Amino acid sequence: PFLINDYGLSYTFSANLLYKTFLNEKTVRPKAKKDLITVAPVNFDAPYLEVLKERRKDSYDQNGVANALRKDISINRAEIKPLPGSKKEVIVIDSTFNEVGKISDRFIEEDATEILIKSGRLKDYKYVRLASHGFVNQQEPEFSGIFMHGDSKDSVQDGILFSGEVYDLVLNSELVTLSACETGLGKISTG
């Protein structure tokens, strides 16, 4: 009389996630061909910082987001300092991979763009390492993101990889690591 007696049941957070999980179970994807990609924007200087500020303001104006949320993803020069350590970090990781005969591709500074991340190239790598500034918006998590090197002002991409955009990335990786500030923040829930 109960469905649970005849079928295995499970739940997921979205139909898209269920669909992607179902695809992964039914299809065997080939292993990634390349070993490692490391991405580190390092510098977040003008004019890119101004582009990011303008894009965020435009998104508020266009979407009518409440003024209270603006403070949670405000951008100022003092908070977005260069990360020279991230450049050293990816160079050391690349060198370590190369020492054991693995091939790595490194994208630093102006090559570490949002366009690169969304290009579909990440699916070619077994390991992905991203080192940048991150920020969390506790009230509206979809406004949390990772700063990339700013593309041009005319670009469709704004230089911020938002959390919602991460779900659309096509990955074929065994391990993806993020080295960024505020990556340990968020609400811990049971269930």
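Two strands pair if DSSP finds at least two bridges between them. I keep that rule at hand for this predicted model.

**Entry: strands β1 and β2**
I looked up β1, residues 34–40, and its pairing with β2. The two run in the parallel sense and share five bridges. They count as a pair because the rule asks for at least two bridges. I then picked out Val39 and found its bridge partner in β2, which is Phe107.

**Entry: the sheet**
I found four strands in the order β2-β1-β3-β7. The sheet is open, and the pairing is parallel. Which strands are at the edge? I noted β2 (104–108) and β7 (175–180), each of which pairs on one side only.

**Entry: helix α4**
I moved on to helix α4, residues 84–99, and saw that it packs on the sheet. Helix α4 touches β1, β2, β3 (125–132) and β7. I noted its direction against that of β1: about 170 degrees.

**Entry: Val128**
I went to Val128, which lies in strand β3. Is Val128 buried or exposed? I read a relative accessible area of 7% for Val128. Val128 is therefore buried, since the cut-off is under 20%.

I listed the contacts of Val128, leaving out residues up to four places away in sequence. They are Ile37, Leu122, Ser173, Leu175, Val176 and Thr177. I followed up Ile37. Val128 and Ile37 are 91 residues apart in sequence, yet 5.1 Å apart in space, C-alpha to C-alpha.

Conventions: Residues are numbered from 1 along each chain as its sequence is written. This is a predicted model: local features need pLDDT of at least 70, side-chain atom pairs count only at pLDDT 80 or more; totals for chains, interfaces and linings use all residues. Side-chain values use heavy atoms; hydrogens and water are left out. Contact means heavy atoms within 4.5 Å. Axes are lines fitted to C-alpha atoms, for helices over the stretch in contact, and angles run from 0 to 180 degrees between N-to-C directions. Buried means under 20% relative accessible area, exposed over 50%, partly exposed in between (1.4 Å probe, protein chains only).
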